[in-house]
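Try each task yourself before you read its solution.

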Amino acid sequence: MKLDEVPQDAECSAYAGHQKLLYAVDEEGCYQGAQSAGWDAENYATQQALAELEVLEQQAKLRWQAGETSVLPYLMYRYRMDELALAQCTGLWRWRIRRHFKVPVFQQLPARILIRYAQAFSLPVEQLLAYQQGQLDEL
Amino acid sequence: MNFNHQQSAHCESGVMSSLLTHAGLPMSEPMALGLSSGIAFAYIPLVKLSGMPLIAYRMPPKHIIKTLSKRLGCRLHSATFSNPAAGKQALDQALEQGRLVGMQSSVFWLPYFPPEMRFHFNAHNLLAYGREGEEYLLSDPVFEQPVRCASDDLQRARFAKGALAAKGLLYWLEDVPSEVDWEKLIRSSIVSTSRIIDGLPLPWIGIRGIEYLARKIARLDEQAKKYNRLYLTHIVRMQEEIGTGGAGFRFMYASFLQEAGSLLNEPTLCAASQQLTAIGDQWRQFALLCVQHSRGKSEVPSLAEISSALLAIAQAERVLFKELARWAKRK
């Protein structure tokens, strides 16, 4: 990559105005550090991943508000996790987490389990308690 | 502390470059990557990132830190903490002693990262060089300028749980030599890189890994449009986004080869650098093909085309690293 080929696609870049350092060669073929404002191809890839999470989050939110699942799937996607990541963050088995997705099970959860979820999402445990008692509002 | 922040392409090589330069052994970031044999390729289907296989263009986290300090003969002081409060205390203490401290942390909980870049990746590296009240002065290698971070946020990021959890890892270098035997270091690091890239009898590592991925792409089901889109863009993200200097570290390593070549006055290395630059451009072209296929607009490259572009890269890297290995072993 030559210095003048360093991508500068600042428009809708995920770097939010920041610049990233790349290594590129000058006219004589000598390497230099060069700042890039963003690359269209990379940005498209990032947006795909974010859009996928967004869809999952919205679906989980609707299911939660319709009373089909507990609030946990919604929070999980909101904080950009999946079941595996949530299991690793809380130290709970995946099958337990899946069980906690059921409304009746979630409503019976003791505070010591809720604290683990609260820590994983970095939320106050009171908020999870409110959800447990049936609050269906946005965060 | 008299410390100069320097922007880097990758967090770990950037941190090592800054730590060594600060300790009196000036070292560029590409040199830190090259001397620690940090470049690689790995396709690991057993480790999943949001349902997709792990694709890495470099050695696992902490490899650069450990290998480089070992090869240079400096002492790496490192500590992890089961108690977050003790971790904070140790950081404060080290800063009071005037140390430049390396830290591992999560990306997701660092508030100064743009929201679009915040994913659960726990092996980010950064430096702390001071504290003002409840705010830490940080040098995050991938940012243009030094940043500040509130104590609570930094604690959360250092002690985030999950895969590759940092457990508050702190590290710094002691006994950094002021002179090193460049020739010996460069030769041995190139030998071990060539072994990783093209010497392991494992189907997922190095060139075999690239070929494996190429076969995987060729075998994708044309009908599963959504999965293919997510799969191909996942490859691109692994290659471009996670602090790689573009083209999955290939340009950075080419820069190392050039620096090493002029340091030792070895035309072979400079020629290899040019070759690797061309391979890096091929990687970028491959990323472009993946994105074009996913976008599905006019003139969509077929999966077979994408796969053969990747096979061509594998072939070119094999030739290059064979040659480099031959040079490195010659006396």
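This is a predicted model: local features need pLDDT of at least 70, side-chain atom pairs count only at pLDDT 80 or more; totals for chains, interfaces and linings use all residues.

Residues are numbered from 1 along each chain as its sequence is written, and chains are lettered from A and ligands numbered from 1 in the order in which they are written.

**Exercise 1.** Find which residues of H6(B) are buried, and where they lie around the helix.

Solution. Start with the helix itself: H6(B) covers residues 182-198. Helices here are DSSP runs of H or I with at least four residues, and strands are E runs of at least two, numbered from the N terminus. Next, apply the burial test: a residue is buried if 20 or more other C-beta atoms, placed from the backbone, lie within 10 Å of its own, exposed if 12 or fewer, and partly exposed in between. The residues that pass are Ile186(B), Ser189(B), Ile190(B), Thr193(B), Ser194(B), Ile197(B) and Asp198(B). Viewed down the axis of H6(B), they fall within an arc of 135° (taken from the directions from the axis to the C-beta atoms), so they line one face of the helix. In general, an α-helix has 3.6 residues a turn, so residues three or four places apart point the same way.

**Exercise 2.** Describe how H10(B) packs against H11(B).

Solution. Take the angle, which runs from 0 to 180 degrees between N-to-C directions, with axes fitted to C-alpha atoms over the stretch in contact. For H10(B) and H11(B) the angle is about 165°, and their axes are 10 Å apart. That makes H10(B) roughly antiparallel to H11(B), since angles over 145 degrees count as roughly antiparallel, under 35 as roughly parallel, 65 to 115 as roughly perpendicular and the rest as oblique.

**Exercise 3.** Now cross between chains: how do H1(A) and H10(B) lie to each other?

Solution. Helix H1 (residues 40-65) of chain A packs against helix H10 (residues 267-295) of chain B at an angle of about 50°, with axes 9 Å apart. The two are therefore oblique to each other. Among the residues that meet are Tyr44(A) in H1(A) and Leu288(B) in H10(B), contact meaning C-beta atoms, placed from the backbone, within 7 Å.

**Exercise 4.** Locate Ser122(A) and look at its phi.

Solution. Ser122(A) sits in the loop between helix H6 (111-121) and helix H7 (125-132) of chain A. Its phi is positive, about 55°, although Ser122(A) is not a glycine. With 13 other C-beta atoms within 10 Å, Ser122(A) is partly exposed.

Terms used:
The expected span of a helix is 1.5 Å times one less than its number of residues. Two residues are in contact if their C-beta atoms, placed from the backbone, lie within 7 Å.
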